[in-house]
Amino acid sequence: MLAAPSKSGTIEIKGLQKVYESKKSRFEALRDIDLTIGENEFLTIVGPSGCGKSTLLRMVAGLDEPSGGSLQVDGEEIIGPGADRGMVFQGYTLFPWLTVRENIEYGLKLKGVSILERRKISNYFLKVIRLESFDKSYPKQLSGGMKQRVAIARALANRPRVLLMDEPFGALDAQTKLEMQEMLLEVWEKEKTTVLFITHDIDEAIFLSQRIVVMGAGPGRILKEFRVELPEGRTPEVREHPDFLALKRELGQLLKH
Ligand SMILES: Nc1ncnc2c1ncn2[C@@H]1O[C@H](COP(=O)(O)OP(=O)(O)O)[C@@H](O)[C@H]1O
Ligand SMILES: [Mg+2]
């Protein structure tokens, strides 16, 4: 058994603004975003296309700069990408020339982790994502769901304090998507990492999250927040729980406008 990550992270977003400007145009993508995501929390952002979800996540990832406000992980200002934040995006492709195991070990190798230690970690995560027998396969030999499992393992292998996921299951078929959601919850419970998840799938948001933030567009902002009061250790049956259905209806109404 591997040592658990040192600590999961707290994300603090204060008065965040994002304006995309060019010579000819100015577009306010995000206005006054205030949001704190606690240690080991699973928080999901939902909202219509174009409301700035990806923009927000990219800034937390350090891939894009805010126009105003502040963004911190564990009290430290975000100034660029870092190993403390793992990322899994929908189109975030694996390295096609590396095997599954080499993809998982990639970040560790960069950090100079020894082969022995790398093997231990990749063995552990191959098991977590149930792809032990695919360690020598290449990405092109895998299904979409398997590829995303490897992407999750690759992110987790670096032991990030925060996992950032932008519609990671958006391209998968319905059945695979459900399996991935269950696997992700298992991993989250084991790994004790903070998760900031984005989806436009309300059902997915409720199934996975402890808290859901609804964003609206024009300019991108937070409209409302919901705490998901469903039992932990969720099984698919939770989808028939009256509280699940009530929340689904409420979120559906909110997103229609
Ligand atoms: N680099 C960019 N330059 C100009 N506008 C952008 C850029 N990236 C995103 N936008 C605009 O910002 C808005 C929010 O985009 P995005 O964050 O991708 O939304 P979402 O992920 O919620 O669908 C959209 O209207 C989009 O067109
Ligand atoms: Mg997006």
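Two residues are taken to be in contact if their C-beta atoms, placed from the backbone, lie within 7 Å. By this criterion, and leaving aside residues up to four places away in sequence, Leu-185 touches Leu-208 and Arg-234. The model is predicted, so local features need pLDDT of at least 70 and side-chain atom pairs count only at pLDDT 80 or more, while totals for chains, interfaces and linings use all residues. Residues are numbered from 1 along each chain as its sequence is written, and chains are lettered from A and ligands numbered from 1 in the order in which they are written.

Leu-185 is part of helix α5, which spans residues 174–191; helices (H or I, at least four residues) and strands (E, at least two) are DSSP runs, numbered from the N terminus. Leu-185 counts as partly exposed because it has 19 C-beta neighbours inside 10 Å (buried means 20 or more other C-beta atoms within 10 Å, exposed means 12 or fewer, and partly exposed lies in between, with C-beta atoms placed from the backbone). Between Leu-185 and Leu-164 there are 21 residues in sequence and 14 Å in space, C-alpha to C-alpha.

A helix pair comes next. Helix α2 (residues 100–110) packs with helix α3 (residues 115–128) at an angle of about 135°, the axes being 9 Å apart. That angle makes α2 oblique to α3. Here axes are lines fitted to C-alpha atoms, for helices over the stretch in contact, and angles run from 0 to 180 degrees between N-to-C directions; under 35 degrees counts as roughly parallel, over 145 as roughly antiparallel, 65 to 115 as roughly perpendicular, and the rest as oblique. On the α2 side, Arg-101, Ile-104, Glu-105, Leu-108 and Lys-109 meet Arg-118, Ile-121, Ser-122, Phe-125 and Leu-126 of α3. Five of the residues in this contact are nonpolar, one is polar and four are charged (Ala, Val, Leu, Ile, Met, Phe, Trp, Tyr, Cys and Pro count as nonpolar, Asp, Glu, Lys and Arg as charged, and the others, Gly among them, as polar).

The buried residues of α2 include Val-100, Asn-103 and Gly-107, and the buried residues of this helix pack against α3 and α4 (144–157). Just after α2, Gly-112 adopts a positive phi of about 85°.

Finally, there is the ligand. Among the residues surrounding ligand 1 are Tyr-20, Phe-27, Gly-50 and Lys-53, where near means a C-beta atom, placed from the backbone, within 6 Å. Helix α1 gives the largest share of this shell, three residues. The shell divides into four nonpolar, six polar and one charged residue.
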